[in-house]
Structures are given as C-alpha cells and as structure tokens.
Amino acid sequence: MKLLVHLSIFLSILFVSLPSSYSCTPNDKNALLQIKKSLNNPPLLSSWNPRTDCCTGWTGVECTNRRVTALSVSSGEVSGQIPYQIGDLLDLRTLDFSYLTNLTGNIPRTITKLKNLNTLFFKHTSLSGPIPDYISELKSLTFLDLSFNQFTGLIPGSLSQMPKLEAIQINNNKLTGSIPNSFGSFVGNVPNLYLSNNKLSGKIPESLSKYDFNAVDLSGNGFQGDGFMFFGRNKTTVRVDLSRNMFNFDLVKVKFARSIVSLDLSHNHIYGKIPPALTKLHLEHFNVSDNHLCGKIPSGGLLQTFEPSAYAHNICLCGTPLKAC
C-alpha cells in the first residue's frame, strides 16, 4: 500500500514538473513578444501577454508539439515593418501578414531561416522595394502570395528555382521589365502565373510553350508580340487572361485546349477571324472585345450566349450576338 502511495506522489510531481505539450518554448515566446514590440504593440495582439502561454489563446498563433507552426496577423491596425525576429520561429509552416495597409518596408532576409515554411501570404499591405532574390531559398514553399502591394523592379528569375511552388502570385504591384527567361526552366512544379496589373512589358519567352499551365493571368500590363506559348490542343489549361496588353497575333492560327473555360483576350491588337474551334469549348467566360478582328462569329457552342460587349469594338465582326453580316 505504501509503495502505491509513494508511486502516486512521484507521478504527480513528475506530471507537474513536465512542460505542457501545448505550451510554447521560451525561444518562440520571446520571438513573438519581440515581433509584437516591433509592430508597436497593436491592439490586435493584445492577447499576447507575457504572463500567459503563447500556444493558448494568443491571436493568430498555432502550435504543434510546443513549437509555433502558424502565425497570422491580418486585418488590423498594425504599423511598422516585418520584424527580423520572424526568422527565429524556426518551425513556422504558415506565415500570413495580410490586409495590413500600414505595414511597410521589405521582406527581411531572416525569412530564409524558415526552412519548413510552405505557405507565405504578404498581400494587401504597403510593402515596397524589389521582391528579393533570396525568397527563392524557401525551397519548401508551396503557396506564395505577394499580391496587392507596392513592389517595384524586376520579377526575380530565381522564383523558377522553387521546386514545390504551385502559383506565382505577384499581381497588382508596380513591377517592371519582362517575364524572366528562367521561367522557361522551372525546376519542379509548373506554377500558375498571376502577374496582372503591373507595369510589365516585352515579349513572352517562347520557351514557356513547353509548359502546360493550368492558369495564366497577364492582364493589365504592356506585353507585346505573340501569346501562342500559352495555348496548345493537347494542353490542359483552364484559364487564360491576356487582356489589356499589346499582344499582336492572328487568332485563327491559335490551337486551343479543349479544357479552357475562361478566355479573355480583350483590349489588344489581335487580328484575323474567330476560329470555329472555339465553338467546341465549354466556356464560362469569353471576351475578345477591343481588338482588330473581322468576319462572322462562328455559330454553335456557347459563342452566341455571350453579351455583345464580349465582341464589341473590333474592325468588322458580325453575326449573333452582333448585327447580321
């Protein structure tokens, strides 16, 4: 009986002395408190109390096995820059600083210490300067969203060296230059390209034609020349938006994938006729307005179901839904 009592007391003491499986490590807790301080102690992070456990009840913090694995600071009155201490959260897998209009500066190099990071969202902020080359050191990254910021300069060619990346989302910034030639040699996944609403220009590298992109959005830039590299009868592309550029090619020569459901070529210098092959597509969105197209709109399929505005402001298109030829 005495043996059982002593054993019970021992186990009780041992249980109390062991750290909770949910309590974060001192290093992670200190890093979070430094991040809060660097962001000027915003009300959004008022729950980050040094007297409490950072894995329990701290806004935007998630833990696994006592390590901080996810950090989301978004939609709040946060000012300052991304703290360099972000790199001290070594087990971080998800990092989301979004919808923070007063978050300024650039992405700190210390982010490259996050070797396990697979999701990075820095969107709808006021981050600026060039997108740093060293972001490509995040080899585990699957989701990268730097959209709706103030980034300037060229698209880093090193993004093609990120083997697991599923999408390059750098739309709605102030990027200049052309699509890097290195995008013709992705080392891993073929990522979706979301480059819209920047100040990009030049011709698209022909080397991209060997890839089967699922989605491409280059709208609202100054691209020129041909867009054939995003099309092909044997591809499985679903969405292509080349609108509001200066593309100049013969539409009738384009071979369309049967998988395309959204096609926007409006506001370019595209010429020729609308190819009958488009009647075979199950299109949900279609727009070829404001180009130099001519001839009768092919009958059949879904082409007649779109509004006249989808064909407006061409040279001499005719037929339903426009006026008869």
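Predicted model: local features only at pLDDT ≥ 70, side-chain atom pairs only at ≥ 80, totals over all residues.
**The nonpolar core**
- The largest nonpolar core is made up of 85 residues, and those with the most contacts inside it are Leu71, Leu95 and Phe230.
- Two or more residues of this core come from each of the elements α2 (26-38), β2 (67-74) and β4 (94-98).
- When its neighbours within four places in sequence are left aside, Leu71 is in contact with several residues, among them Leu32, Ile35, Trp48, Val61, Ile86, Leu89, Leu92, Leu95 and Phe97.

**Paired strands**
- Strand β7, which covers residues 128-130, pairs with strand β9, residues 150-153, in the parallel sense over three bridges.
- Within this pairing, Pro130 has Thr152 in β9 as its bridge partner.
- Strand β9 is also joined by two bridges to strand β11 (residues 174-177), and these strands run parallel.
- In β11, the residue that stands opposite Thr152 is Lys174.

**Ser262**
- Ser262 lies in strand β18, which spans residues 262-264.
- Ser262 counts as buried because its relative accessible area is 11%, where buried means under 20%.
- Leaving aside neighbours within four places in sequence, Ser262 is in contact with Val238, Arg239, Val240, Leu283 and His285.

Conventions. Residues numbered from 1 in each chain as written. Heavy atoms only, no water. Core = buried A, V, L, I, M, F, W, Y, C linked by side-chain atoms within 4.5 Å. Buried < 20%, exposed > 50% of the residue type's maximum accessible area, 1.4 Å probe, protein only. Helix = DSSP H or I, 4+ residues; strand = E, 2+ residues; numbered from the N terminus. Contact = heavy atoms within 4.5 Å. Pairing = 2+ DSSP bridges.
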